[in-house]
Amino acid sequence: MTPDLILPHDGVLPQFASRPVWCGRGSTVIGAATLGAQAWLGDDAVIRADGQTVTLGDRLWLGHRSTVHIATFTHGTRVGDRVTVGRNAVVHACEVGSDVVIEDDVVILDGATVESSVVIEAGSTVFPRANLAAGFVYAGSPAKPKRPLTPEEIAERAERLREATGDSAPVPPADEPDVEESVFVARTARLRGRIALGAGSTVLFSCELSAEAGPIVVGADTNIQDNSVLRSRGEGIVIGRDTTIGHNVRMADCRIGARSLIGIGASIAPGTVIADDVMLAAGAATDPGQLLEGGQLWGGRPARILGPLDAEKRAMMSRIVEGYCEHGRAYKTLQAEAP
């Protein structure tokens, strides 16, 4: 089998040691990615090597709606053999050893190192540059050692996770998006209902935007990254211009201002209002109806102010927006040429 969508980056196509044993609906592999033998890719699994390399060992199991990505300017991603990743997890710009179990909704962030023989429990966040030593179960945000474990337990938990993620859920039919020429919507994204996408905006691979009640309005040059799910069931979702919605974000009816960044794996509760110029850290969550004041870095569960949004972070956020505008233009051309 082969993934649903394979695209090059800078002329480089992914390499496979052998055909994956399974590739689910909407699975996508892009750029300078190398996959070992006997890979299993679930529905909407996304592997993107568009700026750095991704190297994945033998017998990788990447669960439904999980994402492997890089940090364009700083870090690639390297994963060892016999690694099992559950559903809705993100492995981002990091090093992961062999015989590792990464459970559902885990986020591993830039520059982190996960040594071999580790279990990371569901919902945990591995902070940037953290080191998870071998032979332990980790949990929490940030992930901390919980107790030692044995090779037998690693194998048992890997098997249990694979059994739980093996089934596919039915997917409602998507609408054909009516967008202007400057907008990029990935072929594997699914859009339903009243959705307005501003000029230069991008909706990346395996995203789901569902306007079941109120509309979803996305501002100009805003990017919604892989596997993010936006569901409107009330007043709707409005996102300002020049904003980044990171990988695997979950979002209900809310308002998000301009020039903001919603970090990887964040969860935005109904009624949340996020002002202009906000950075919400990866893995953070808001409470229903929470107001996030502008000009601040927020993080935690529930989100709280961690400090002012300094010039360095603002410049980084601007670079991400510019980079995704470039990605959108490039992917629009490549997707049109893909089989």
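**Figure 1. Arg-241 is partly exposed, with a relative accessible area of 42%.** The model shown in this and the other views is predicted. Arg-241 forms a salt bridge with Asp-221, and the closest N and O atoms of the two are 3.7 Å apart. This pair links distant parts of the chain, 20 residues apart: Asp-221 is in the loop between β24 and β25 (223-224), while Arg-241 is in the loop between β27 and β28 (244-245).

**Figure 2. Glu-212 and Arg-233 meet through their side chains in a salt bridge.** The distance from N to O is 3.4 Å. Glu-212 belongs to strand β24 (residues 208-218), and Arg-233 to the loop between β26 (229-232) and β27 (237-239). The pair therefore ties together parts of the chain that are 21 residues apart in sequence. Is Arg-233 buried or exposed? With 58% relative accessibility, Arg-233 counts as exposed, because the limit for that class is over 50%.

**Figure 3. A salt bridge joins the side chains of Arg-147 and Glu-153.** Here the N to O distance is 2.7 Å. The two partners fall into separate accessibility classes: Arg-147, at 33%, counts as partly exposed, whereas Glu-153, with a relative accessible area of 16%, is buried. Glu-153 is placed in the buried class because its 16% is under the 20% limit. Side chains of opposite charge can pair when their charged atoms come close. A search of the whole structure finds 23 salt bridges.

**Figure 4. Arg-192 is found in strand β22 (residues 190-197).** Which residue is joined to the side chain of Arg-192 by a polar contact of 2.7 Å? The partner is Glu-208, through its own side chain. Arg-192 has 12% relative accessibility, so Arg-192 counts as buried. Apart from neighbours within four places in sequence, the residues in contact with Arg-192 are Pro-172, Pro-173, Ala-174, Asp-175, Glu-208, Leu-209, Ser-210 and Ala-211. Arg-192 and Glu-208 are also members of a network of salt bridges that links them with Asp-44, Arg-65, Arg-190 and Arg-231.

**Figure 5. Domain 1 (5-164) and domain 2 (184-337) are the two parts into which the protein chain is divided.** Their centres, taken over C-alpha atoms, are separated by 23 Å. Domain 1 gives 25 residues to the contact, and domain 2 gives 24 residues. Between them the domains bury about 2,000 Å², with 53% of that area on carbon and sulfur atoms. Leu-5, Arg-48 and Arg-65 together supply 29% of the area that domain 1 buries against domain 2, more than any other three residues.

**Figure 6. Three salt bridges are counted between domain 1 and domain 2.** A salt bridge is formed by Arg-48 and Asp-226, whose closest N and O atoms are 2.5 Å apart. Across the interface of the two domains, 18 residue pairs are in polar contact. On the side of domain 1 that touches domain 2, at least two residues come from each of β1 (5-7), β4 (28-35), β6 (46-56), β8 (67-69) and β11 (90-92). Strand β6 supplies the largest share of that side, three residues. Sorted by class, that side of domain 1 has nine nonpolar, eleven polar and five charged residues.

**Figure 7. The peptide bond from Ser-141 to Pro-142 is cis.** Its omega is near 10°. Pro-142 is found in the loop between β19 (136-139) and β20 (144-148). A cis peptide bond also joins Arg-301 and Pro-302, where omega is about 0°. Where is Pro-302 found? Pro-302 sits in the loop between β36 (296-299) and β37 (304-308).

**Figure 8. Ser-206 lies in the loop between β23 (202-203) and β24.** Ser-206 is a residue other than glycine with a positive phi, near 65°. At 0% relative accessibility, Ser-206 counts as buried.

Technical notes
Residues numbered from 1 in each chain as written. Predicted model: local features only at pLDDT ≥ 70, side-chain atom pairs only at ≥ 80, totals over all residues. Heavy atoms only, no water. Domains from an automatic or database assignment. Contact = heavy atoms within 4.5 Å. Buried area = accessible area lost by both parts, 1.4 Å probe. Salt bridge = Lys/Arg side-chain N within 4 Å of Asp/Glu carboxyl O. Polar contact = N/O pair within 3.5 Å; in protein donor to acceptor, adjacent residues only side chain to side chain. Helix = DSSP H or I, 4+ residues; strand = E, 2+ residues; numbered from the N terminus. Nonpolar A, V, L, I, M, F, W, Y, C, P; charged D, E, K, R; others polar. Buried < 20%, exposed > 50% of the residue type's maximum accessible area, 1.4 Å probe, protein only.
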